[in-house]
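Visitor: I have a structure to read. Please walk me through its features, one at a time.

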Amino acid sequence: MSGAQTLSCRDVLVAFGEFRAVDGVSIDFVADEINSVIGPNGAGKTTLMNVLSGRLTPQRGEVRFGGRDISRDNAHQRAKAGIGRSFQITKIFPEMTVFENFRLAAQARLFRLQPFWRPASGYASLRIAAEEILEEVGMTGRRDQLAETLSHGDQRALELGITLATRPRVLLLDEPLAGVGEKEMEQTVALIARVARGRTVVLVEHNIKAVMELSNRVFVMNQGKLLASGTPSQMRTNADVRAAYLGDDHAAA
């Protein structure tokens, strides 16, 4: 296990009034693998992602990254430390081209302060970084296409590329397949598998078929608690998991 990429949480509690969205959850995410968090609606998955990414501070517990307590670090500090996140609702710049989206994302990583008199197009380092992302997510052929004209699957790839521009060691992917049509599903799953190589990935996803195909380890949440964890094959045959979420149809899948 790579210590630099180890992400974990301990006894995390997030309550909204009397409702405990995350109730004492402790997880060691496996470094350099795809760790999926699944469960029924309201299980606490997205709340946990908000805690891991720094968008939400828990009332109790801690988050550790690379052996360091980052519980009080905000989302920007965690991004700088190497934790990138994509969102269930696509966050792109629709009136910019694919290349311009990637160049802007690279600019946020490479430049703390850019002189106002020099346009971003004047920096070779930004162009090179954007070209690298285009290649990484397979969008070279759509370089000059406006983001708003892309299919939903390609917009998902664009958002993932924007996240990759920060060169994260950990990727938090929140419903990356949401809204992706059947025709684009296979290529999006393949893209996730490709960009996951050499990174620690935490994936929240409702598409169980894709989860079972992609994941090295699966963590199942129910009613704010961690119900079970193990390999995809172990979760398929776990009676508690089938009863709470998967159902009998996935037992033999």
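Guide: We start with the whole chain, then turn to helices, single residues and rings. This is a predicted model, where local features need pLDDT of at least 70, side-chain atom pairs count only at pLDDT 80 or more, and totals for chains, interfaces and linings use all residues. Residues are numbered from 1 along each chain as its sequence is written, and side-chain values use heavy atoms, with hydrogens and water left out.

Visitor: How many helices and strands does the chain have?

Guide: Helices (H or I, at least four residues) and strands (E, at least two) are DSSP runs, numbered from the N terminus. Here there are 9 helices and 10 strands.

Visitor: What percentage of the residues count as buried?

Guide: Buried means under 20% relative accessible area, exposed over 50%, and partly exposed in between (1.4 Å probe, protein chains only). Of the chain's 253 residues, 49% are buried. The chain exposes about 12,100 Å² (Shrake-Rupley method, 1.4 Å probe; for residues, only the protein chains shown count as cover). Carbon and sulfur atoms supply 49% of that area.

Visitor: And contacts?

Guide: Contact means heavy atoms within 4.5 Å. Take the contacts in the chain with a separation of 6 or more: residues 24 or more positions apart account for 65% of them.

Visitor: What span should helix α4 have?

Guide: The expected span is 1.5 Å times one less than the number of residues. Helix α4 covers residues 124-136, so its 13 residues should span 18 Å. Its end C-alpha atoms are 18 Å apart, which agrees.

Visitor: Which residues of α4 are buried?

Guide: Leu-126, Ala-129, Ala-130, Ile-133 and Leu-134 are. Seen down the axis of α4, the buried residues fall within an arc of 140 degrees, so they line one face of the helix. That arc is taken from the directions from the helix axis to the C-beta atoms. Just after α4, Gly-138 has a positive phi of about 70 degrees.

Visitor: How many residues of α5 are buried?

Guide: In α5, 12 of the 13 residues are buried, so the helix is mostly covered. Among them are Asp-154, Arg-156 and Glu-159.

Visitor: Now single residues. What does Leu-52 touch?

Guide: Leu-52 is in helix α1 and is buried, at 0% relative accessible area. Not counting residues up to four places away in sequence, Leu-52 touches Leu-7, Cys-9, Phe-29, Val-63, Arg-78, Ile-83, Leu-172 and Val-202. Asn-50 is found in α1 too, which spans residues 45-53. Asn-50 counts as buried at 18%. With the sequence neighbours up to four places away left out, Asn-50 touches Arg-55, Leu-56 and Arg-85.

Visitor: How is a pair of aromatic rings described?

Guide: By the distance of the centres and the angle of the planes. Rings of Phe, Tyr and Trp (its six-membered ring) pair if their centres lie within 6.5 Å; planes under 30 degrees apart count as stacked, over 60 as edge-to-face and the rest as tilted. The whole structure holds 1 aromatic pair. The rings of Phe-29 and Phe-219 have centres 5.6 Å apart and planes at 70 degrees, so the pair is edge-to-face. Phe-29 sits in strand β2 (residues 19-29) and Phe-219 in strand β9 (residues 217-222), 190 residues apart. Phe-29 is buried at 0%, and Phe-219 is buried at 4%.

Visitor: Which residue lies over the face of Phe-99?

Guide: A charge sits over a ring if NZ of Lys or CZ of Arg is within 6 Å of the ring centre and within 35 degrees of the ring normal. Arg-143 lies over Phe-99, at 3.9 Å from the ring centre.
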